[in-house]
Amino acid sequence: MTVAYAEHGSIATLTLDNPPVNALSVAVRQGLRDGLRRALAEPTVAAIIVMGKGRNFIAGADIREFGRPPQPPRLVEVIAEIEASAKPVIAAIDGVALGGGLEVALGCHFRIGTPRAQLGLPEVKIGIIPGAGGVERLPRLIGIEPALKMMVSGDPVRAAKAKELGILDAIVEGDLAAEARAFAERVLAEKRPIRRLGQMPIPGADGDWRQLIEAQRKLASKQNRGQISPQKVIDCVANAITLPFDQAVAETIRVINELIPSEQAKALRYAFFAEREAGKVPDIEAGTAPRPLRGAAVIGAGTMGAGIAMCFADAGIPVRILESSAEALEKGLARIGKLYDEMVQKGRIGAAEREKRLGLIAKAAGYEALGEADIVIEAAFEEMAVKRDVFAKLDAACKRDAVLASNTSYLDINEIAAATRRPESVIGLHFFSPANVMKLLEIVRGKATGKDVVATAQALAKMLGKVGVVCGVCHGFVANRSRGAMTREANFLVDEGALPHEVDRVLYEFGMPMGPFAVADLAGIDVGWRVRRSFDATRRKDERYSPTADRLYELGRYGQKTGKGWYRYEPGSRTPLPDPEVEAVILKSSKDQGITRRAIGEDEILARCLYAAVNEGAKILEEGVALRASDIDVMWLYGFGFPRWRGGPMYWADTVGLGKVYDGVQRFHREQGTFWTPAPLLRRLAESGGSFTAG
Ligand code: T1G
């Protein structure tokens, strides 16, 4: 039974039961319609409640049904029947009411929710728009501006906000079913009029709403650059304002039917499921108990250490920071204070929240002060000797079941673990810069890392609001190693004839938030220099190496922090400006390397940068360092801001066609040499007509 029917006196309750999230699959739509008709036909029933079993109301349409032929009844029709009901219908919402779920609630005449209810129309995030009357009903209920904002951002609102906006009529505590019945009794006793949103005018429709529409268009083209669905939902809201309800709904349905099979929507659906898949590690059973995570410590108060400490404080977890000198510690704490001040200034948090978070961050006087920490994250200098020394000390100081993690971005976790007598408790937790902002947590599993420690890292990612992706050990791990192939080619392209801003523009226009040279300036040319030194010992003598970035380093051009790097920056500005001085350095470097510069087209720039990452990704996959191609994609989405509507580099390669990608890789192999040795996996898939991500 996907929708259970029950009567209590004069009140019928329809309870949707489609675990895990009550998605509106065909059986649920049927069950809802049948339940409604039964309640309407029953003379003793005077009011109807719609609710969800379990911890959620409804998470929306069943995304897995998209792309298959639609099956009746259509949701929009079921909702129209609910709205037309002569008996009052009340939505009782716990957990999420998203997409079609909120649309069902908007078709009901009253809505109540628990304090943990979350309501939203997130369709734009999967490349579509609300298609069951939400576009038309929400502005009628709460006005044009808030409705537009909710639909364009796709972000849900919590119960309190939903009440304030007028989406919820009441917030109730205690047993929801009983509260809903009590609410229904009141509606009946007070003879409250039934409100059918579809028949109401839109408040403000005769006002100057076109400005609001234009403002949202601008915002969406900045925040979701290149993505179609936010613009489409804005078009449909404009229709909802100008056209009669039924006509507007019909037009919205026409648009959603175009969007569902579009490349962007497919990529976004892929990204949705890829993200959920990433949480699953085949040999770690779903029920594996994580270790406790009540208190944390961070070693190092540099940019990364400070950012990581903020992640804990933001999640309400007390954290201590240990630094080698009091001065460095004070500097780190000052940086944290400044970042929280900025958040207050921008209105992201209140002053009280800042105090609360700062209050969760404490200084540790020495290793002895770390004895009670459940997890310690080392974010010290990227040098093996330093790391081993820290871990030996942690081994001596920390309690038995503490998780000892390193935030290294490329060093061998197994070697670090070997500095302790408890390698099973050691793991890599690679945060991305800025740590308190970027959502990726690359979880690096050493050969001795315990399953419960991996499970703890996954639980930690969730607690910190991050997306944790598990991988194995190799130099640079999955994210930076595959991205490193891209930056390597970007640097070679500059040596061969392109300029940094030309390469950056191509990748920016592709949809990346910044090009690799702008990123290098942000991260620090000195940081890149140190990473390259870490490869010196293993780099083959005959291997091509671009020395140009080293020349910038020698000139003290460390990037944004010195106002000069691959670009120059006006004081106080982060806008990268091409710099003739850099061009001179580049030209000289090309000459020194004996390279005759040539004109390089945009297609070659894109193919060199992205095919390199894809080919490296294929090698990483084949080595088993990444569990699946989609994990690599998730890392690029959350670690590097790869445009989500392109799915990720591996998915993107599939859409280009692996035959074409492989041809390109072979051509670059002939022209460029060993770096481009095709990954055997890529060759096999290309030759067999396969793909990285299908199936
Ligand atoms: N359809 C199918 N499966 C879904 C689903 C959905 N809408 N939502 C979640 N799942 C699966 C998910 O794949 C996972 O499966 C399990 O449920 C638990 O999810 C007509 C066109 C609801 C906030 O976009 O945002 O309505 O991995 O791990 O962290 O206009 O899932 O266990 O096999 O994410 O607690 C609009 C998408 C649809 C909501 C729960 N709705 N879902 O988060 O668990 S379009 C959405 C979410 C629409 C109408 C239209 C989240 C969640 P498995 P989870 P969670």
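This is a dialogue on how to read some features of a predicted model.

Student: What should I know about the numbering and the model before I start?

Tutor: Residues are numbered from 1 along each chain as its sequence is written, and side-chain values use heavy atoms, with hydrogens and water left out. The model is predicted: local features need pLDDT of at least 70, side-chain atom pairs count only at pLDDT 80 or more, and totals for chains, interfaces and linings use all residues.

Student: How are β1 and β2 paired, parallel or antiparallel?

Tutor: Strands (E, at least two residues) and helices (H or I, at least four) are DSSP runs, numbered from the N terminus. Two strands pair if DSSP finds at least two bridges between them. Strand β1 (residues 3–8) pairs with β2 in the antiparallel sense over six bridges, and His-8 stands opposite Ile-11 in β2. The hairpin of β1 and β2 has two residues between the strands, and Gly-9 there takes a positive phi near 60°.

Student: What does β3 do beside β2?

Tutor: β2 and β3 pair in the parallel sense over six bridges. Thr-15 stands opposite Met-51 in β3.

Student: Which way do the side chains of β2 point?

Tutor: In a regular strand the side chains alternate between the two faces of the sheet. From β2, Ile-11, Thr-13 and Thr-15 point one way, while Ala-12, Leu-14 and Leu-16 point the other way. Buried means under 20% relative accessible area, exposed means over 50%, and partly exposed is in between (1.4 Å probe, protein chains only). Six of the six residues of β2 (residues 11–16) are buried.

Student: What is the strand order in the open sheet of eight strands?

Tutor: The order is β12-β11-β10-β13-β14-β15-β16-β17, with mixed pairing. The edge strands, β12 (361–363) and β17 (467–471), each pair on one side only. From one strand to the next the twist averages 25°. At one end, β11 (residues 319–322) and β12 pair in the parallel sense over three bridges, and Ile-361 in β12 is the bridge partner of Val-319.

Student: How do I describe the packing of α4 and α10?

Tutor: Two packed helices are described by the angle between their axes and the distance between the axes. Axes are lines fitted to C-alpha atoms, for helices over the stretch in contact, and angles run from 0 to 180 degrees between N-to-C directions. The axes of α4 (residues 134–142) and α10 (residues 245–259) come within 9 Å and cross at roughly 135°. That makes α4 oblique to α10; angles under 35 degrees count as roughly parallel, over 145 as roughly antiparallel, 65 to 115 as roughly perpendicular and the rest as oblique. Contact means heavy atoms within 4.5 Å. Val-135, Glu-136, Arg-137 and Arg-140 of α4 make the contact with Phe-245, Ala-248, Val-249 and Thr-252 of α10.

Student: Are Lys-191 and Phe-477 buried or exposed?

Tutor: Lys-191 has a relative accessible area of 70% and is exposed, whereas Phe-477 has 0% and is buried. Phi of Lys-191 is near 50°, a positive value, and phi of Phe-477 is also near 50°. Lys-191 sits in the loop between α7 (176–189) and α8 (209–223), and Phe-477 is in helix α18 (residues 477–496).
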